[in-house]
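Take a look at the model below. The questions after it go step by step, and each answer ends on what was asked.

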Amino acid sequence: REIKLQSASSAFKANIPYVLTFSATQNGVTGTATKTVTFTLSPPVATLASPTKWAAGSEFVVDASQSYDPNSATKSTAGVTFAWSCEALVAAVFTSVACPGVDTAAMTEF
């Protein structure tokens, strides 16, 4: 006998132990087995698609639309917040600085 539980269901909360009990009865005699399980949440999956080079002064698009919540049965993004940042990698000193002229607060989704 088998039962399948959808751990991403809102009925189950992460990091809370649940006790599952199975019982079988025959001729008025019952046997039981229990198991304690704890569901964990995976972090959201962030993906980026963009060209690695583009012409200076031109508009470019970075696509993060394939990002999703792996804990959602439909891989939705409900409840997931997104943030953007941009840094210029400066090879001469092996450090990073903010991208010139890029206002990450003004980055928009479309």
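Q: Leaving aside its neighbours within four places in sequence, which residues is serine 67 in contact with?
A: This is a predicted model. Serine 67 is found in the loop that links strand 2 and strand 3. Once neighbours within four places in sequence are set aside, its contacts are Val45, Ala46, Thr47, Thr77 and Phe82.

Q: Does serine 67 count as buried or exposed?
A: Buried means under 20% relative accessible area. Serine 67 has a relative accessibility of 7%. That value is under the cut-off, so serine 67 counts as buried.

Q: Which backbone atom does the side chain of serine 67 reach?
A: Thr47 is among the contacts of serine 67. The side chain of serine 67 comes to 3.0 Å from an atom of that residue. The atom is the backbone nitrogen of threonine 47.

Q: Why does aspartate 69 count as buried?
A: Aspartate 69 has its place in the loop between strand 2 and strand 3. Leaving aside neighbours within four places in sequence, it is in contact with Lys75, Ser76 and Val80. The cut-off for buried is under 20%. Aspartate 69 counts as buried because its relative accessibility is 16%.

Q: Is threonine 81 buried or exposed?
A: Threonine 81 lies in the loop between strand 2 (29-38) and strand 3 (87-90). Its relative accessibility is 73%. The cut-off for exposed is over 50%. Therefore threonine 81 counts as exposed.

Q: What distance separates the C-alpha atoms of threonine 81 and proline 44?
A: Along the chain, threonine 81 and proline 44 are 37 residues apart.

Q: In what sense do strand 1 and strand 2 pair?
A: Strand 1 covers residues 17-26. Its pairing with strand 2 runs over ten bridges. Valine 19 stands opposite threonine 36 in strand 2, and phenylalanine 22 stands opposite alanine 33. The sense of the pairing is antiparallel.

Q: How many of the ten residues of strand 2 are buried?
A: Strand 2 lies largely in the open. Strand 1 is hardly covered, with a buried count of zero among its ten residues. For strand 2, the number buried is zero.

Q: What do strand 1 and strand 2 form, with two residues between them?
A: Asparagine 27 lies in the loop between strand 1 and strand 2. This residue is in the turn, and its phi is positive, at about 55°. With two residues between them, the two strands form a hairpin.

Q: Is asparagine 27 buried or exposed?
A: Asparagine 27 has a positive phi although it is a residue other than glycine. Its relative accessibility is 74%. Exposed means over 50%. So asparagine 27 counts as exposed.

Q: How far apart in space are lysine 13 and threonine 40, C-alpha to C-alpha?
A: Lysine 13 is found in the segment before strand 1. It is partly exposed, with a relative accessible area of 47%. Not counting residues up to four places away in sequence, lysine 13 touches Tyr18 and Phe39. Threonine 40 is 27 residues away in sequence, and the C-alpha distance is 8.4 Å.

Q: What is the order of elements from the N terminus on?
A: The protein has zero helices and four strands. From the N terminus on, the elements run β-β-β-β.

Q: What share of the residues in the protein is buried?
A: The protein has 110 residues. It exposes about 9,400 Å², and carbon and sulfur atoms supply 56% of that area. The buried residues make up 6%.

Q: In which strand is confidence lowest?
A: The mean pLDDT of the protein is 77, and 71% of its residues reach 70 or more. Confidence is highest in strand 2, at 91. Where pLDDT is low, the predicted coordinates should not be read in detail. The lowest mean is 60, in strand 4.

Methods:
Residues numbered from 1 in each chain as written. Predicted model: local features only at pLDDT ≥ 70, side-chain atom pairs only at ≥ 80, totals over all residues. Heavy atoms only, no water. Buried < 20%, exposed > 50% of the residue type's maximum accessible area, 1.4 Å probe, protein only. Pairing = 2+ DSSP bridges. Areas by Shrake-Rupley, 256 points an atom, 1.4 Å probe, with all protein chains shown as cover. Polar contact = N/O pair within 3.5 Å; in protein donor to acceptor, adjacent residues only side chain to side chain. Contact = heavy atoms within 4.5 Å. pLDDT = per-residue confidence, 0-100.
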